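Colleague: I'm new to this one and would like a close look at a single part. Could you pick a spot and walk me outward from there?

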Amino acid sequence: QTLAQVTTALLDGMDQVLAREKPDVVLVQGDTTTTFATSLAAFYQRVPVGHVEAGLRTGDKFSPFPEEINRRLATHVADYHFAPTTVARDNLMREGIGDEQILVTGNTVIDALLYMRQQLAENPVLLPQFVRDLPRDKRFILVTAHRRESFGEQMAQICRAIRSVALSRPDVVVIYPVHLNPNVQQPVRAILEGIPNLRLMEPQDYVAFVALMERADILLTDSGGIQEEGPSLGKPVLVMRPVSERPEAIAAGTACLVGTDPARITSAVNRLLDDSAFYQQMTRRSNPYGDGHAAERIVNFLLQKLFANSKAKMTAATSTN
């Protein structure tokens, strides 16, 4: 599907859902096309919108694509803005969003991650067998790469970097759950198949992926969410993108922008593998994205807002009568 097809299908589908359910408020999260389309559908029906993970920006409307614009558009539709950090809050205020509409919460991504880590610790049966079978005497790099703006030559460069790391470091296991998009599958299969210490696998569910992150020594990614999740697990994150909408992680030293140049990616990976002091420096920093209680703050805020609105309507009705 094209982005236009996805957007129009979502807008029509969510319009029907909202008309049927008649919610008091709609919550959307992040920067997906679903987030933007649902926000717009709710606006058309005059339903208040709360945007979770609001205010992240790169300043480049084509990176990430289309997520940067999805976020900006959702911002100017939303009524309540749940910013994960003070940097995100400041971005919103620069765009004219009133401080009273913003709540700095941390990110619900961290809530979910910490909950799942606890579940894995308390219920070992949840741990996938293939994670249990990973060799304990070898270090392990977890890779994700699937962003639209990387399709084409940049994706090929990322694959060449991964190939170089795997071939030059036979003592390291590289695991790459490969996105199903053909723009990812084609270069990955062409460049990376057949390397003994490189395992390509199907995309994993959330439980399995959290288990993989827990087990990994290095996270090599173009993902936004992993830039937040990695620091909570004490894992260094190398970000294969030229810019990030999460500058807090870069500033904190828990993540490092390495772009898509193969030489730069391989150099950063090798430094983490060979320089224990540098590795410890990246893993001992505090996570700027929350303490695991973002959802509670959002719920309390909404209850106060909805109660206040309900009370105001009752007062108005009483005055009219």
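**A close look**

Modeller: Let's start at F65, which is partly exposed, with a relative accessible area of 30%; buried means under 20%, exposed over 50% and partly exposed in between, with a 1.4 Å probe and protein chains only. Keep in mind that this is a predicted model, where local features need pLDDT of at least 70, side-chain atom pairs count only at pLDDT 80 or more, and totals for chains, interfaces and linings use all residues. Residues are numbered from 1 along each chain as its sequence is written, and side-chain values use heavy atoms, leaving out hydrogens and water.

F65 is joined to P66 by a cis peptide bond, with omega about 5 degrees. P66 belongs to the loop between β2 and α3 (helices are DSSP runs of H or I, at least four residues, strands are runs of E, at least two, and both are numbered from the N terminus). P64 sits in the loop between β2 and α3.

Now for the rings. Searching the whole structure turns up 4 aromatic pairs. F65 and F62 make a tilted one, 6.2 Å centre to centre with 35 degrees between the planes. (Rings of Phe, Tyr and Trp, the last by its six-membered ring, pair if their centres lie within 6.5 Å; planes under 30 degrees apart are stacked, over 60 edge-to-face, the rest tilted.) F62 counts as exposed, at 51% relative accessibility.

Another pair, Y80 and F301, is edge-to-face: 5.7 Å between centres and 75 degrees between planes. Y80 lies in strand β3 (residues 80–83) and F301 in helix α14 (residues 294–320), so this pair ties together parts that are 221 residues apart in sequence.

One last stop is E53, in the loop between β2 and α3. E53 has a positive phi of about 70 degrees although it is not a glycine, and it is buried, with a relative accessible area of 6%.
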